[in-house]
Amino acid sequence: MFKALLAEKNEEEINVEIRELNNEDLPEGDVLIDVEFSTINYKDGLAITNKLPVIRSWPMVPGIDLAGVVSESERADIPVGSSVVVNGWGIGEDHWGGFSQKARVNGDWTVPLPEVFTTKQTMAIGTAGYTAMLCVLALEDHGVMPDSGPVLVTGAAGGVGSVAISILANLGYEVHASTGRAEETPYLQNLGATGVIDRSELSEPSKRPLAKAQWAGAVDAVGSHTLANVLTTVMDEGCVAACGNAQGMDLPSSVAPFILRGVTLRGVHSVYVPREKRITAWERLAKDLKMEHLDEMTKTITLEEVIETANEITNGQIRGRTVVDLNN
Ligand SMILES: NC(=O)c1ccc[n+]([C@@H]2O[C@H](COP(=O)([O-])OP(=O)(O)OC[C@H]3O[C@@H](n4cnc5c(N)ncnc54)[C@H](OP(=O)(O)O)[C@@H]3O)[C@@H](O)[C@H]2O)c1
């Protein structure tokens, strides 16, 4: 028997609680993993609180990330005893995910644990941190380099934002952080932000199609009016990597930044990214993310604390990243 957080739906009500399960309860897959760590992302918060219909198959073990050791395998290329990371591919949405001491998954979804990381560190990074890296790769693809000019990160004190600031600053960019939590200014500066702006400057409906050009690039975890305002302040040929919707799913913008400044709005997704690109992103994280920053931005909780933390993350109350220790 092992412990897992199980979400069940009865008509419109959802119930989420810790249950004792056994291997026969697990979904199909060719690799069985003893999960050591998982993590809470914004999407997990939405799933557990049912604020958005993230879960597409019931009952569901939520958790879009997991890391652990293979305990049974039908795959010669994924031996028993190897450490692996799984994020995305629908785990925690339509296939049982990481808030469980055991997970059975499709071996193609696993990535070998990058040598420089422990399983705990990979979950401190998690989907949020790996998506931050994908955003940085997107800016680089579009020619936004450290000497192009200052860059902005929105949703700065959250998971994506914290990791993005640390990576960008470490690469030599001049990073500015937009946050609703002024009290986190020392934290953001410690990660490498040179400037901190209040998110209220960006969160109201945009007044003009263009404003003073300030940013060579941006990583946006917020969407809605914030993204629309960011677009109006990007320099000629700049790029915004947009990955999030913490303010909202809408984008009340105009075409002005695109047709008058040649700005690129680059969407960043993470769930169905091909394996080779994932491996590249993990390799770059190993090189470009400072481990002392990762420790500073990470808190560890138990499975019993997941529901409370899910509520906190959807209320914008979590700083940085939260790891879930499945064996504590
Ligand atoms: N595209 C993908 O595949 C992908 C992958 C990972 C994450 N995401 C998305 O990226 C976003 C961030 O994820 P996360 O895990 O970093 O979440 P998080 O830790 O909760 O961070 C989100 C941050 O956004 C800011 N925020 C929250 N509510 C806001 C509001 N109403 N208006 C403006 N800012 C607000 C807060 O930062 P401050 O307190 O600093 O203002 C908050 O810490 C989420 O929307 C998530 O769904 C997408």
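This report walks through the ligand site, the salt bridges and a nonpolar surface patch of a predicted model.

## Ground rules

Local features need pLDDT of at least 70 and side-chain atom pairs count only at pLDDT 80 or more, while totals for chains, interfaces and linings use all residues. Residues are numbered from 1 along each chain as its sequence is written, and side-chain values use heavy atoms, with hydrogens and water left out.

## Around the ligand

There are 25 residues around the ligand, and T179, G180, R181, N245 and S270 come nearest (a residue is near if one of its heavy atoms lies within 4 Å). The shell splits into eleven nonpolar, twelve polar and two charged residues; here Ala, Val, Leu, Ile, Met, Phe, Trp, Tyr, Cys and Pro count as nonpolar, Asp, Glu, Lys and Arg as charged, and the others, Gly among them, as polar. Helix α2 gives the largest share of the shell, three residues (helices are DSSP runs of H or I, at least four residues, and strands are runs of E, at least two, numbered from the N terminus).

One is 2.7 Å from an N or O atom in the side chain of N245, and a backbone N or O atom of G159 lies 2.8 Å from an oxygen atom of the ligand. On its own the ligand exposes 920 Å², and the protein buries 88% of that (Shrake-Rupley areas with a 1.4 Å probe; for residues, only the protein chains shown count as cover).

## Salt bridges

The structure holds 15 salt bridges, meaning a side-chain nitrogen of Lys or Arg within 4 Å of a carboxyl oxygen of Asp or Glu. K3 pairs with E304, with the closest N and O atoms 3.1 Å apart. K3 sits in strand β1 and E304 in the loop between β14 and α10, so this pair ties together parts 301 residues apart in sequence. E304 is partly exposed at 46% relative accessible area (buried is under 20%, exposed over 50%, partly exposed in between, with a 1.4 Å probe and protein chains only).

K102 and D34 also form a salt bridge, at 2.9 Å between the closest N and O atoms. This pair links strand β6 to strand β3, 68 residues apart. Then there's a network of salt bridges linking D30, R75, D77 and D108.

## A nonpolar patch

L251, V255, F258, I259, L260 and L265 make a nonpolar surface patch of about 550 Å². Patch residues have over 30% relative accessible area and no salt bridge; like charges are joined within 9 Å, nonpolar side chains (Val, Leu, Ile, Met, Phe, Trp, Tyr) within 5 Å. Helix α7 brings the largest share, three residues.

Conventions:
A polar contact is a pair of N or O atoms within 3.5 Å; within protein, one must be able to donate a hydrogen and the other to accept it, and residues adjacent in sequence count only if both atoms are side-chain atoms.
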